[in-house]
Number of protein chains: 2
Amino acid sequence: MTEIGELTIGVLGGTGAQGRGLALRWAKAGLTVVIGSRGAERAEAAAAEVRDAAGVDHVSGADNAACAERADVVLVAVPWEGHAELLRSLREPLAGKVVIDCVNPLGFDKQGPFALPVEEGSAAQQAAALLPDSRVVAAFHHVSAVKLADLSVTELDSDVLVLGDDREATDLVRALADTVPGFRGVYGGRLRNAHQVEAFTANLIAINRRYKAHAGLRITDLP
Amino acid sequence: MTEIGELTIGVLGGTGAQGRGLALRWAKAGLTVVIGSRGAERAEAAAAEVRDAAGVDHVSGADNAACAERADVVLVAVPWEGHAELLRSLREPLAGKVVIDCVNPLGFDKQGPFALPVEEGSAAQQAAALLPDSRVVAAFHHVSAVKLADLSVTELDSDVLVLGDDREATDLVRALADTVPGFRGVYGGRLRNAHQVEAFTANLIAINRRYKAHAGLRITDLP
């Protein structure tokens, strides 16, 4: 397997809270990161902030298409609303690459969060349908953006469920999770079982509201 | 709130692995338990085994209808295939009671487990639709039947997600979870977010196969 430290990680939608937080943690772990956004300027501004916060220089910004081209492994961290459109436009630069989808299709109303229905079954399955030449993995749905951003939290205390049908790709993404102190990459099933992992974010938000927490998930009884 | 120890807990489908395992743990915790099954004789045989294993005498067996009548709080632990039919027949004896649904609508094929679509959204929502006079709560989906049955496992190391729209009912079910050493009842959201909790059992089965484990769930960062 490729040494994880040699890879360049692209983060599409890296100016959002979830994407930026993961970019920060990967930068701090020594990985080379490209933050992608619709505008290259906004991406570069976010990259500069991440470089400052992490105290590293191997973080750059680019528009999403350039980010997809430059990176070896790409995290999709855009809002659900723009998910299909963006991926459709990036089929070529993402071909052959491991694409990690962490998008949670959720709605909110007076009663709180709920899972949105997705025609393909899940955001990850939609990505796989739109990117037939990529190796799509679902992961990083449940990590708290607040905790990711707070570098005083040195151990994140959360497992990262990694789903996919390509063993080499899920192993790589598990290793990518393991680069962040406190994370543990855990295989979580095939891509067809991604919906409930995405939707479970609604439950975590409900838990956060009830307990005033930034809840994460641990799987017990693993060797 | 009613003292949990004063309640009689009924377990519909209590001769199955999940129901019997929970009955055993509740019996051991000192609760009065009625094991329900289609036939009263099979239920009484299971109750005798639980009495022996737990070393207690407050466990009896009955057919499902008598179980529903006698119990204050009722766990629905029947196979998904018979779920709707059984609940439709028990609307009257279950009226006014807290009904806990732990049923996971899953299918299996060559690629392993997957979540079945449910017209009402989830097994728990189906129960709520069929039992409009009951207080339906979803909980106990992820507990390992193997570990429940093995009394050498004294601490079960698993949170029990408890979902529902009735605060008093979810608090009672959380307290019921807390009677079992190692369990912790955690509020997990409204009933409309039960589908992904039920479906997540497919992921746990995939995890169990990959890691040769009896995986459970813990929520981190709770006070």
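These notebook entries follow what I looked up in a predicted model of chain A and chain B.

**Ground rules.** Residues count from 1 along each chain as its sequence is written, and chains are lettered from A, and ligands numbered from 1, in the order in which they are written.

**Confidence.** I checked pLDDT, the predictor's confidence in each residue, from 0 to 100. Chain A averages 97, and 99% of the residues score at least 70. For the complex the predictor gives an ipTM of 0.96 and a pTM of 0.97.

**Interface, overall.** I looked up contacts (heavy atoms within 4.5 Å). On chain A, 44 residues are in contact with 44 residues of chain B. Next came buried area, the accessible area (1.4 Å probe) that two parts lose on being put together, summed over both. The two chains bury about 3,600 Å² between them, 50% of it on carbon and sulfur atoms. Arg192(A), Arg210(A) and Tyr211(A) lose the most area in chain A to chain B, together 19% of what that side buries.

I took a salt bridge as a side-chain nitrogen of Lys or Arg within 4 Å of a carboxyl oxygen of Asp or Glu. The rule finds four across the interface. Arg192(A) forms one with Asp109(B), with the closest N and O atoms 2.8 Å apart. I also looked up polar contacts (N or O atoms within 3.5 Å; within protein, one must be able to donate a hydrogen and the other to accept it, and residues adjacent in sequence count only if both atoms are side-chain atoms). Across the interface, 27 residue pairs are in polar contact, both at pLDDT 80 or more.

**Which elements touch chain B.** Helices (H or I, at least four residues) and strands (E, at least two) are DSSP runs, numbered from the N terminus. Elements giving two or more residues to this side of chain A include β9 (158–163), α7 (167–178) and α8 (195–211). α8(A) gives the most, with twelve residues.

**Strand pairing.** Two strands pair if DSSP finds at least two bridges between them. Five bridges join β11(A) to β11 of chain B (residues 216–220), and the strands run antiparallel. Ile219(A) stands opposite Leu217(B) there. Within chain A, four bridges join β6 (residues 106–109) to β7(A), also antiparallel. A hairpin links β6(A) to β7(A) through two residues. Leu106(A) has Ala115(A) as its bridge partner in β7(A).

**Asp165(A).** I found Asp165(A) in the loop between β9 and α7 of chain A. Asp165(A) and Leu191(A) are 26 residues apart in sequence but 6.1 Å apart in space, C-alpha to C-alpha. The side chain of Asp165(A) reaches the backbone nitrogen of Leu191(A) at 3.1 Å.

How values were computed:
Heavy atoms only, no water.
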